[in-house]
Amino acid sequence: MAVVISKVFCSNYEVVLVIRSRPHVVNGGGFIVTNNCTQNVVFKVDGCGILGKKDEVILRDSDGHTLLLIRKKGGVIEALSMQKKWNGYSKDFEGSEKLVFCLKEPNNSCFFKKMPIKISIESNHDYKNHKNFQISGHFPDRACSIIDSNGNVVAKVGARKELQQVMPNKDVYTLTIKAGIDQAFVVGVIAILDYIYDGSTRC
């Protein structure tokens with residue numbers, strides 16, 4: 001079992017989640033994550049439309065409690081660097097923020113934009129041999145995977161088959177997560193990808 005946020009979000013078997021984007025006009029954007037089998041809400045993601053802040057996303061559990069606060073690092077140095085950095089923070093028992101993972105987004109310039117999006121786990125002994133991940137594929141097409149440092153697919157985004165047969169719907173898609181992988185961490189990564197590619201979390 002590999003814990004990033006909490007062992008509560010690690011399953012002994014593969015899990016299929018369904019992500020549904022919320023419209024900005026009605027619910028302020030973001031998205032809802034449900035279990036494909038039970039249809040129960042597992043996570044909620046709030047973005048700019050709800051928080052009123054740019055470059056910030058919050059991952060909540062089904063009861064609305066904050067699991068992750070995700071921020072894009074700003075500043076002149078970041079603006080000029082070849083990668084933009086997103087930091088994911090959890091809160092400890094005292095309410096202090098703790099950095100748990102970092103996602104590096106390639107700069108939009110022609111030279112750098114073909115570089116892969118990379119994720120690193122920060123200061124967590126459970127991931128000491130698998131601290132680095134990267135995104136393979138293209139998220140806007142709802143066809144991408146999160147791959148660990150050994151080349152194993154730990155999570156995969158895909159279109160819902162029943163909807164794909166009728167017409168493509170990028171507002172509803174599936175997220176398959178392998179056994180033992182922290183689901184909250186994976187959904188946090190998806191929330192950042194949604195924001196990067198002008199999804200429902202972005203104003």
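Q: How many bridges join strand E8 to strand E9, and do the two strands run parallel or antiparallel?

A: Keep in mind that this is a predicted model. In general, strands of a sheet pair through backbone hydrogen bonds, either parallel or antiparallel. Here E8 (residues 118-121) and E9 (residues 132-138) run antiparallel and are joined by three bridges. Within this pairing, Ile 119 stands opposite Phe 133, and Lys 118 has Gln 134 as its bridge partner.

Q: Which residue of E8 is the bridge partner of Leu 103?

A: The partner of Leu 103 is Ile 119. That bridge belongs to the pairing of E7 with E8, which is antiparallel and has four bridges. Ile 119 also stands opposite Phe 133 in E9.

Q: What do the strands form when they are taken together?

A: They form a closed barrel of 12 strands, with antiparallel pairing, in the order E1-E2-E3-E4-E5-E6-E7-E8-E9-E10-E11-E12. Direction ignored, neighbouring strands of this sheet are turned by 20° against each other on average. Helix H5 (residues 183-196) packs on the sheet and touches, among others, strand E1 (15-21), strand E7 (97-106) and strand E12 (172-177). The direction of H5 makes about 45° with that of E7. In total, the chain has five helices and 12 strands.

Q: Which strands does E1 pair with, and over how many bridges?

A: E1 runs antiparallel to E12, and six bridges join the two. One of the residue pairs there is Arg 20 with Val 172. E1 also runs antiparallel to E2, with five bridges between them. In that pairing, Ser 21 stands opposite Phe 31.

Q: Why is E1 described as largely enclosed by the rest of the structure?

A: The general idea is to count how many residues of an element are buried, where buried means under 20% relative accessible area. E1 has seven residues and five of them are buried, so the strand is largely enclosed by the rest of the structure. For the chain as a whole, buried residues make up 48% of the 203 residues.

Q: How many residues does the largest nonpolar core have, and which element gives the most to it?

A: A core of this kind is a set of buried nonpolar residues joined through their side chains. The largest one has 45 residues. Among those with the most contacts inside it are Phe 43, Phe 101, Leu 175 and Phe 185. H5 gives the most to this core, with 11 residues. Leaving aside residues up to four places away in sequence, Phe 43 touches residues including Phe 9, Leu 17, Leu 59, Ala 184 and Val 187.

Q: Is Thr 201 buried or exposed?

A: Thr 201 has a relative accessible area of 0%, so it counts as buried. Thr 201 lies in the segment after H5. Its side chain makes a polar contact of 2.7 Å with the side chain of Asp 194. The side chain of Thr 201 also reaches the backbone nitrogen of Tyr 195, at 3.3 Å. Not counting residues up to four places away in sequence, Thr 201 touches Gly 30, Phe 31, Val 45 and Ala 191, among others.

Q: Where does Lys 170 lie, and what does it touch?

A: Lys 170 lies in the loop between helix H4 (161-164) and E12. At 43% relative accessibility, Lys 170 counts as partly exposed. Apart from residues up to four places away in sequence, Lys 170 touches Pro 140, Asp 141 and Arg 142. A polar atom of the Lys 170 side chain lies 3.2 Å from the backbone oxygen of Pro 140. Lys 170 and Ala 159 are 11 residues apart in sequence, and their C-alpha atoms are 7.3 Å apart in space.

Q: How many disulfides does a search of the whole structure find?

A: A disulfide is a covalent bond between the sulfur atoms of two cysteines. The search of the whole structure finds zero disulfides. As for cysteines, Cys 37 counts as exposed because its relative accessibility is 72%. Cys 144, at 4% relative accessibility, counts as buried.

Key. Residues numbered from 1 in each chain as written. Predicted model: local features only at pLDDT ≥ 70, side-chain atom pairs only at ≥ 80, totals over all residues. Heavy atoms only, no water. Disulfide = S-S within 2.5 Å. Buried < 20%, exposed > 50% of the residue type's maximum accessible area, 1.4 Å probe, protein only. Pairing = 2+ DSSP bridges. Axes fitted to C-alpha atoms, helices over the stretch in contact; angles between N-to-C directions. Contact = heavy atoms within 4.5 Å. Core = buried A, V, L, I, M, F, W, Y, C linked by side-chain atoms within 4.5 Å. Polar contact = N/O pair within 3.5 Å; in protein donor to acceptor, adjacent residues only side chain to side chain.
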